[in-house]
Structure formats: C-alpha cells, structure tokens
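User: Could you take me through this structure? I would like to begin with the aromatic rings.

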Amino acid sequence: MADPGSTVTMVRNRREHAMAFAIRGAVFVAEQGVPVELEWDDADDADTTRQMLAWHATQPVGVGRIVLGPSAGAARIGRLAVLPSARGRGVGAALVRGLEDLARERGFGMVELHAQVQALGFYERLGYAVDGPEFDDAGIPHRRMWQRL
C-alpha cells in the first residue's frame with residue numbers, strides 16, 4: 001500500500017533533475033558502492049528517457065527512470081531508487097506503476113528491467129517474470145525481468 005502522503009510526478013525541470021540524481025547518488029553510489037562513472041550513463045541524456053520522482057509532502061524520496069526507445073517492443077525501467085527513510089511504504093511500487101503507465105501511453109506493449117537479485121521478490125509481486133541467467137552489473141548480481149502491459 002502506498003504511503004497516502006506520497007505522490008509520483010514526472011521530472012519537469014533542472015531542479016527536479018538534480019533531485020533525482022541526488023537520490024540515485026545516495027542509494028546507488030553512497031549506499032551500494034556503485035562507481036559514479038557507472039551510475040550516470042548515456043541514457044540519462046537521451047531524448048527517449050524520462051524520470052519520475054516520488055514525493056512525501058514536499059520532499060523527494062524516490063526516483064525511477066524509463067527508456068522509451070528506440071526498441072519498438074519494450075520500454076526499459078531502471079535506476080529505481082528509494083531513500084531508506086521511505087522504504088516499505090509502497091513508494092517503489094508507485095514509481096514502477098507510474099513508469100508503466102507512461103510506457104503504455106507511448107504505445108509500448110512490454111516493459112523490461114534488470115533487477116538486483118535481492119529485489120527480485122519486489123518485482124515479482126508487481127507481476128514481473130525472470131528471464132535469463134544472473135549477470136553482474138556494477139559489481140551487483142542482476143537478472144532480466146519483463147512484464148506485458
């Protein structure tokens with residue numbers, strides 16, 4: 001169940017873009033030890049990429065990214081990060097659902113993602129299926145997952 005005080009919105013300006021990167025830096029770089037040069041990538045600057053922020057009151061508490069092309073069949077969710085203080089409140093699920101809605105609105109029939117192995121259960125509860133072997137991404141074990149929209 002999502003925290004009733006939380007909302008999810010598209011990143012709309014430079015200030016919100018900086019907030020999104022700050023959350024990603026706090027979770028992936030500081031908490032999980034991902035090298036900063038691996039956290040930011042070319043997709044962050046692509047015209048087909050969108051980010052969403054989750055807010056609790058006026059504070060950003062989570063972020064998710066979706067790449068809406070150029071592949072015709074599947075959009076790719078990634079960089080889902082929720083600050084420790086907001087975990088367990090449905091913030092991550094609300095971000096995933098918001099990103100799925102965006103993909104659906106843009107005509108995509110499927111969404112895929114690369115999930116950290118420790119987060120497989122979270123995505124399975126949202127209807128995602130594991131596809132393929134475990135692989136390393138930035139020193140963290142991952143699996144490919146997908147879901148039809």
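User: Which residues do ring pairs link into a cluster?
Analyst: Ring pairs link Phe-122, Tyr-123 and Tyr-128 into a cluster. Rings of Phe, Tyr and Trp (its six-membered ring) pair if their centres lie within 6.5 Å; planes under 30 degrees apart count as stacked, over 60 as edge-to-face and the rest as tilted. The model is predicted, with pLDDT of at least 70 required for local features and 80 or more for side-chain atom pairs, while totals for chains, interfaces and linings use all residues. Residues are numbered from 1 along each chain as its sequence is written, and side-chain values use heavy atoms, leaving out hydrogens and water.

User: How many aromatic pairs does a search of the whole structure find?
Analyst: The search finds three aromatic pairs. One of them, Phe-21 with Trp-40, is edge-to-face, at 4.8 Å centre to centre and 80° between the planes. This pair links distant parts of the chain, 19 residues apart: Phe-21 belongs to helix 1 (residues 14-31), and Trp-40 to the loop between helix 2 (36-39) and strand 2. Helices (H or I, at least four residues) and strands (E, at least two) are DSSP runs, numbered from the N terminus.

User: Phe-21, buried or exposed?
Analyst: Phe-21 is buried, at 18% relative accessible area, whereas Trp-40 is partly exposed at 31%. Buried means under 20% relative accessible area, exposed over 50%, and partly exposed in between (1.4 Å probe, protein chains only).

User: And why is the pair of Phe-122 and Tyr-123 edge-to-face?
Analyst: Because the ring planes of Phe-122 and Tyr-123 stand at 75°, with the centres 4.8 Å apart. Phe-122 is partly exposed at 24%, and Tyr-123 is buried at 8%.

User: Changing topic: why is strand 2 largely enclosed by the rest of the structure?
Analyst: Strand 2 (residues 49-56) is largely enclosed because six of its eight residues are buried.

User: Which residue of strand 2 is the bridge partner of Thr-9?
Analyst: The partner is Leu-53. Strand 1 (residues 6-10) pairs with strand 2 in the antiparallel sense over five bridges; two strands pair if DSSP finds at least two bridges between them.

User: What about strand 3?
Analyst: Strand 3 (residues 59-67) runs antiparallel to strand 2, and eight bridges join them. Gly-62 in strand 3 stands opposite Ala-54. The two strands form a hairpin with two residues between them, and Ala-57 in the turn has a positive phi of about 55°.

User: Lastly, what follows helix 3?
Analyst: Gly-107 follows helix 3, and its phi is positive, near 90°. Among the buried residues of helix 3 are Leu-95, Leu-99 and Glu-100.
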